[in-house]
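Hi everyone, and thanks for making time for this one.

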2 protein chains.
Amino acid sequence: MRIEIVAVGTELLLGQIADTNSQWLGEQLAAIGVTSHFHQAVGDNHERIVLAFRTALARADGVIVCGGLGPTHDDITRDAIAEVMNVPLVRDESVVTAIRAMFESRGRTMPDSNLRQADVPEGSALIRQTMGTAPGLICPVGHKVVYAVPGVPYEMADMFSRAIAPDLQQRMAERGESAGVIASRVIRTWGMSESGLGEALAGHIDALDARSHGTSSATIAFLASGIEGIKVRVTVREEDEMTAAAVLDAEESAVRAVLSGAGGDVVFGIDDEAIEDAVAKVLLAEGLTIGLAESLTGGLAASRLVNVPGASAWFRGSVVSYASEVKFDVLGVPEGPVVTEEAARAMAEGACRVLGSDVGLSITGVAGPHEQDGQPPGTVYAGLARAGHETEVMAFTVPGDRSRVRQYATISALDFVRRSLGRTTTA
Amino acid sequence: MRIEIVAVGTELLLGQIADTNSQWLGEQLAAIGVTSHFHQAVGDNHERIVLAFRTALARADGVIVCGGLGPTHDDITRDAIAEVMNVPLVRDESVVTAIRAMFESRGRTMPDSNLRQADVPEGSALIRQTMGTAPGLICPVGHKVVYAVPGVPYEMADMFSRAIAPDLQQRMAERGESAGVIASRVIRTWGMSESGLGEALAGHIDALDARSHGTSSATIAFLASGIEGIKVRVTVREEDEMTAAAVLDAEESAVRAVLSGAGGDVVFGIDDEAIEDAVAKVLLAEGLTIGLAESLTGGLAASRLVNVPGASAWFRGSVVSYASEVKFDVLGVPEGPVVTEEAARAMAEGACRVLGSDVGLSITGVAGPHEQDGQPPGTVYAGLARAGHETEVMAFTVPGDRSRVRQYATISALDFVRRSLGRTTTA
């Protein structure tokens, strides 16, 4: 079963919004084994929407069209589908009743413009609306199909999961197609460059490519994602979810082994596990609390740590000491230059003292564009204080503009905590 | 001149990454008056890339293809273009030399696989690479054209601005086309809901629609953007940039007047001006410094303020008092419940005292999913302390999960500073 996604909206062509709906739908289709060879975006123009549908139906078994179901005169997806089906639009009174009830439940009267949303191409089935006013549509075109959903992301997602995915699976079963699944796993790393990861894994990737002419295959891709780390994504296509999971497990182990040999302890998480989750894990394992002293990162590191549910068990807080006087007066940093190893050490120890935490992490550095204390933009010092241990300081440089310097400094400093405490734990 | 964008990469179809390149290119094309009626995405498959090119060339004057120019066997955009042009690939020795020099400058030897990047369709012109290894291409196909650029966003952007945009403008001049420009302006608001904005502006939008049958037109769209506010976007298509700017100025004034009548002081910025820029402006206008005491938002408000270049002139820092003891011990909040008006007041005053700032802003509340101090998730108190003024506290509730609660709390609290100090300034 091959489906083409068509996103409708002039704002997509003008780059005013990103087409996240097609991305989401692509991921969902892959997960249920539906192939997608092309995506299209098209503006709010009747002839062009019709042309996009005809182009898509010529090269796929069906289309999911997203957007253009609203109540205004720009919303012409229904008309375009009717033309491709060669049928008239007919008003569905059950939809009128449902829309009117939705307005009345909010104490408002339905504007006449919403009546358009009750006009459906003759012969199509409705996907009942549960969150907005526009129903979705399942429209037969010969032996092919056009599914129409609203462009509002949560309405689109709800209708896909509730109606389109089951319908696709039924069609595949009727065609005797083994659906198969495409599944992927993200191995998140910090400490090696993207090209370093590529070189380390080159031999493994060559071996996979050599094997991929059989029925089973795994592919590996790299994605540098700023504060989220550098991702190694393994994608497999297998008969069923269990096989896919087993192949992904084996691939994850292989990648971990290669990277461990090449770069040491660089894997900090899997899939959605962010660096703050890894920090939470080592702190919980040792029963330690943490406090921060942030200058360069201005609260960014703290704002990441509070993302973790239950952070209050181990996160005390942060002193964002942007002004030098706050470093001197609140954290007890000796007066003088503040982008130094000494300042990072004093800030980390000050964080423990002021916030009453077991561990103190400090980040000081130069965001740019100008140098500070004789140090160029991208210079960072991170300090790690811990009762009963010598305070450690890590000096490093990161590339990029102010925003990227802050992101890289944050993930580097949090990874410093993960590695240092992890080392103690396993030692 | 009509251009279709074709993005190449199986990872786009699988939804593994968002197609931000097409969005960026769409915006750039509109800015120079080039029309785009369709976008396509296609996987790394020779026949399908060729089909995508032929489809695009049938309905546009040219194609910009993005991606598939790398050194690996998956990178087959060059081969597909050669097939569409019906010419062979020929190795360009000047490209070989450039790639080899780039590797040598990094102290490395060029792998043989990179030689593929020097194979160019016969008869095409090169766009010299300045940041990576793959050159871009300008490929004539009959009287139409295919531009090829790498998928790496900054390489793509560099080649578009340096070579493709000038080439397109020259072609339009040769065709005697008045380019015209599509321009837009974003009016950023906080304090009215999206539907409230829509209702307030409904009459104005109807009047625009009635006028839009002439040569000039303006359209208005709404976009709720979390911590970036709710955006009102005005888009116009005009003969030249000056006319477009004048129409946008008039539209901005009209929208400001309507919103000011309907919701008061809700416009905080234009285009890229974020809420932190608006806060910086009122602080600089009064020569005041600010310090924060953040609980709920965990450093997010501070991390936004340091985005503003020159923040050190007015931003002192933040005490992220996530643990209640930090509120009591560092900020001097009386022991007891911490999601209260009294705690917000004491935190704001504590921020001034501890950080030595003229103004103190506090944010305390419940991120969820569980209630705290008997208050439901989404409950927020923001305090604003200022020497010589009564400390103000604003209580409000915001919807959403933990992340959205934090974002809405942050923009609401920063907007509270903008409005309160702005009121004093103009009073």
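Before we start, one term: two residues are in contact if their C-beta atoms, placed from the backbone, lie within 7 Å. Keep that in mind when I talk about the interface. Please also remember that this is a predicted model.

Let's begin with how the two chains meet. The contact takes 55 residues from chain A and 55 residues from chain B. On the side of chain B that touches chain A, strand E14, residues 315-321, gives the largest share, with seven residues. By type, that side of chain B divides into 26 nonpolar, 20 polar and nine charged residues. Now, how much of the interface of chain B is also interface in chain A? The figure is 100% of the interface residues of chain B, so the copies meet through the same surface.

Take E14 to start with: strand E14 of chain A, residues 315-321, pairs with E14(B) in the antiparallel sense, over five bridges. Within that pair, look for A:Val319, whose bridge partner in E14(B) is B:Val319.

The other pair is made by the E2 strands. Strand E2 of chain A, residues 38-42, runs antiparallel to strand E2 of chain B, residues 38-42, and five bridges join them. Here A:His39 stands opposite B:Ala41 in E2(B).

That E2 pair belongs to an open sheet of twelve strands with mixed pairing, in the order E6(A)-E7(A)-E8(A)-E3(A)-E1(A)-E2(A)-E2(B)-E1(B)-E3(B)-E8(B)-E7(B)-E6(B). Which strands stand at the edges? They are strand E6 of chain A and strand E6 of chain B, residues 125-127 in each, and each pairs on one side only. On average, neighbouring strands in this sheet are turned by 20° against each other, direction ignored. Helix H2 of chain A, residues 20-31, packs on the sheet and touches E1, E2 and E3 of chain A. The direction of H2 makes about 165° with that of E1(A).

While we are at E1, let me pick out one residue. A:Glu4 lies in strand E1 of chain A. Is A:Glu4 buried or exposed? With 25 other C-beta atoms within 10 Å, A:Glu4 is buried, because the cut-off for buried is 20 or more. Beyond its neighbours within four places in sequence, the contacts of A:Glu4 include A:Phe38, A:His39 and A:Val63. A:Ala60 is also among those contacts; it sits 56 residues away along the chain, yet the two C-alpha atoms are separated by 6.2 Å.

Let me step back to chain A as a whole. Its secondary structure comes to 13 helices and 17 strands, and the C-alpha trace spans about 80 × 60 × 40 Å along its principal axes. Of its 427 residues, 48% count as buried. Among contacts in chain A with a separation of 6 or more, 65% are between residues 24 or more positions apart. The chain is divided into domain 1 (3-174), domain 2 (181-270) and domain 3 (275-426). The centres of domain 1 and domain 2 of chain A, taken over C-alpha atoms, are 36 Å apart.

Now for another sheet in chain A. Four strands form an open, antiparallel sheet in the order E10-E11-E9-E12. E10 (217-224) and E12 (267-270) stand at the edges with a single partner strand each, so one side of each is left without a neighbour in the sheet. Neighbouring strands here are turned by 25° against each other on average, direction ignored. Helix H7, residues 194-211, packs on this sheet and touches E9, E10 and E11 of chain A. Inside the sheet, nine bridges join E9 (residues 181-189) to E11 (residues 230-238) of chain A, and A:Ile187 has A:Val232 as its bridge partner in E11(A).

Finally, a quick look at chain B. E10(B) and E11(B) form a hairpin with five residues between them, and they pair in the antiparallel sense over eight bridges. B:Ala224 stands opposite B:Ile230 in E11(B). In the turn, B:Gly226 has a positive phi of about 55°.

Note on methods
Residues are numbered from 1 along each chain as its sequence is written. Chains are lettered from A and ligands numbered from 1 in the order in which they are written. This is a predicted model: local features need pLDDT of at least 70, side-chain atom pairs count only at pLDDT 80 or more; totals for chains, interfaces and linings use all residues. Helices (H or I, at least four residues) and strands (E, at least two) are DSSP runs, numbered from the N terminus. A residue is buried if 20 or more other C-beta atoms lie within 10 Å of its own, exposed if 12 or fewer, and partly exposed in between; C-beta atoms are placed from the backbone. Domain bounds come from an automatic or database domain assignment. Ala, Val, Leu, Ile, Met, Phe, Trp, Tyr, Cys and Pro count as nonpolar, Asp, Glu, Lys and Arg as charged, and the others, Gly among them, as polar. Two strands pair if DSSP finds at least two bridges between them. Axes are lines fitted to C-alpha atoms, for helices over the stretch in contact, and angles run from 0 to 180 degrees between N-to-C directions.
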